[in-house]
Amino acid sequence: MKGLSEKAWTRLLSKASGAYSLSVYSSVENTRYIRPESERPNLSKVIPCKDIPIIDLCCTNRAQLIHRIGEACRVFGFFQVINHGISGESTEKMVKIAREFFKLPMDEKLKYYSDDPTKTMRLSTSFNVKKETVHNWRDYLRLHCHPLDKFVQDWPSSPPPFKDVVSTYCKEVRALGFRLLEAISESLELQGDYIEKMLGDQEQHMAINYYPPCPQPDLTYGLPAHTDPNALTILLQDGEVSGLQVFKDDKWMAVNPHPGAFVINIGDQLQALSNGRYKSVWHRAVVNSGKERVSVASFLCPANCATIIPATQSGSSAIYRNFTYKEYYKKFWSRNLDQEHCLELFKN
């Protein structure tokens, strides 16, 4: 679809009621995507993250496993897990169906387009097109995934295996997420079910991200620097193309894909719940000129009515006030993605 005429592009825009899809527009010369010079990714200064914790969940020494997870949450705010119980076949099917979805004809994809962040299933572009002054080089399909029987009927029916493949993957990822939350609870010297109980009947969302090749990747982002507003993020990276970067020690570092691993991000709710002991990691997605990239992010989110209460240690006071997740999420979506940390607005 490269090289569309202005008239053809305008027709597509009108069909989508304002949709601005990168899948049909490939020139970064449009100023909607060009970052001011001071905000560009400065890719030449990014270094590989060589010491990212890679944690084997089959470790039989529980105390050692809990220690490693706690250290990773405190020092890095993210880590990778292997031997996590999700088969390579399942992850390969998920990545394959993601690629197939974004290769569907444009008329088929536009049926799912919306820029309303409250919708439980929508195809969109960038991040929050209603609020942004500069867009991001990204299309994505956002799905609500729990309870499955409530949402799955509204998911795309093309490609034909989509619902079955994604449903199976969602169940497996949810189980992994609860295992990790139990371990994180224990690492905070809390009961294993403490976090799960505090977060209530957790929602589960998914973002299937598509980053097309970009003619000038040094001028824009797939997603700019941000933290995740939820509790825990489980990221399936494209095994062939890197793009995830994290901010650590005042530097941006590339997190290259590790065979068979998921990247685990601590989200804002776990930073608040841990009273700042664990960090919600700043991260971003960059693009490249040679290859498309896909990723699948699964988000475990507190129930809207859940009240987030910092777990203070003896003699310490709460850094953050109590708040509901509904309140936090509304504030998060009312702002630009790359503004100051949303948690700053909830400090005591």
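Reader: Which residue caps the N-terminal end of helix 2?

Author: N61 does, with a side-chain oxygen that lies 3.3 Å from the backbone nitrogen of A63. A polar contact here is a pair of N or O atoms within 3.5 Å, where within protein one must be able to donate a hydrogen and the other to accept it, and residues adjacent in sequence count only if both atoms are side-chain atoms. Please keep in mind that this is a predicted model, in which local features need pLDDT of at least 70 and side-chain atom pairs count only at pLDDT 80 or more, while totals for chains, interfaces and linings use all residues. Residues are numbered from 1 along each chain as its sequence is written, and side-chain values use heavy atoms, with hydrogens and water left out.

Reader: How many helices and strands are there in the protein?

Author: There are nine helices and 15 strands, where helices (H or I, at least four residues) and strands (E, at least two) are DSSP runs numbered from the N terminus.

Reader: Back to helix 2, then: which of its residues are buried, and which are exposed on the other side?

Author: L65, I66, I69, G70, A72 and C73 are buried, and seen down the helix axis the buried residues fall within an arc of 160°, so they line one face. That arc is taken from the directions from the helix axis to the C-beta atoms. On the other side, A63 and H67 are exposed. Buried means under 20% relative accessible area and exposed over 50%, with partly exposed in between (1.4 Å probe, protein chains only).

Reader: What do the buried residues of helix 2 pack against?

Author: They pack against strand 2 (54-56), strand 3 (78-82), helix 6 (162-187) and strand 11, with contact meaning heavy atoms within 4.5 Å.

Reader: And what unit do strand 2, helix 2 and strand 3 make?

Author: Together they make a right-handed β-α-β unit. Right-handed means that, with the strands pointing away from the viewer, the path from the first strand over the helix to the second runs clockwise. Strand 2 and strand 3 are parallel and share three bridges, and D56 has I82 as its bridge partner in strand 3. Strands count as paired if DSSP finds at least two bridges between them.

Reader: Why is strand 3 described as largely enclosed?

Author: Because four of its five residues are buried, strand 3 is largely enclosed by the rest of the structure. Strand 3 also pairs antiparallel with strand 11 over four bridges, where V81 has F262 as its partner.

Reader: Changing topic, are the faces of strand 8 covered or uncovered?

Author: Both faces are covered, with L232, I234 and L236 buried on one side and T233 and L235 buried on the other. In a regular strand the side chains alternate between the two faces of the sheet.

Reader: Which strands does strand 8 pair with?

Author: Strand 8 runs antiparallel to strand 11 (residues 262-266), joined by four bridges, and I234 is partnered there by I264. Strand 8 also pairs with strand 13 (residues 293-301), again in the antiparallel sense, over five bridges, and L236 has V296 as its bridge partner in that strand.

Reader: What is the order of the strands in the open sheet of five?

Author: The order is 1-10-9-12-7, and the pairing is mixed. Strand 1 (47-48) and strand 7 (223-226) stand at the edges with a single partner strand each, so one side of each is left without a neighbour in the sheet. Further in, strand 9 and strand 12 pair antiparallel over three bridges, and L244 stands opposite A285 in strand 12.
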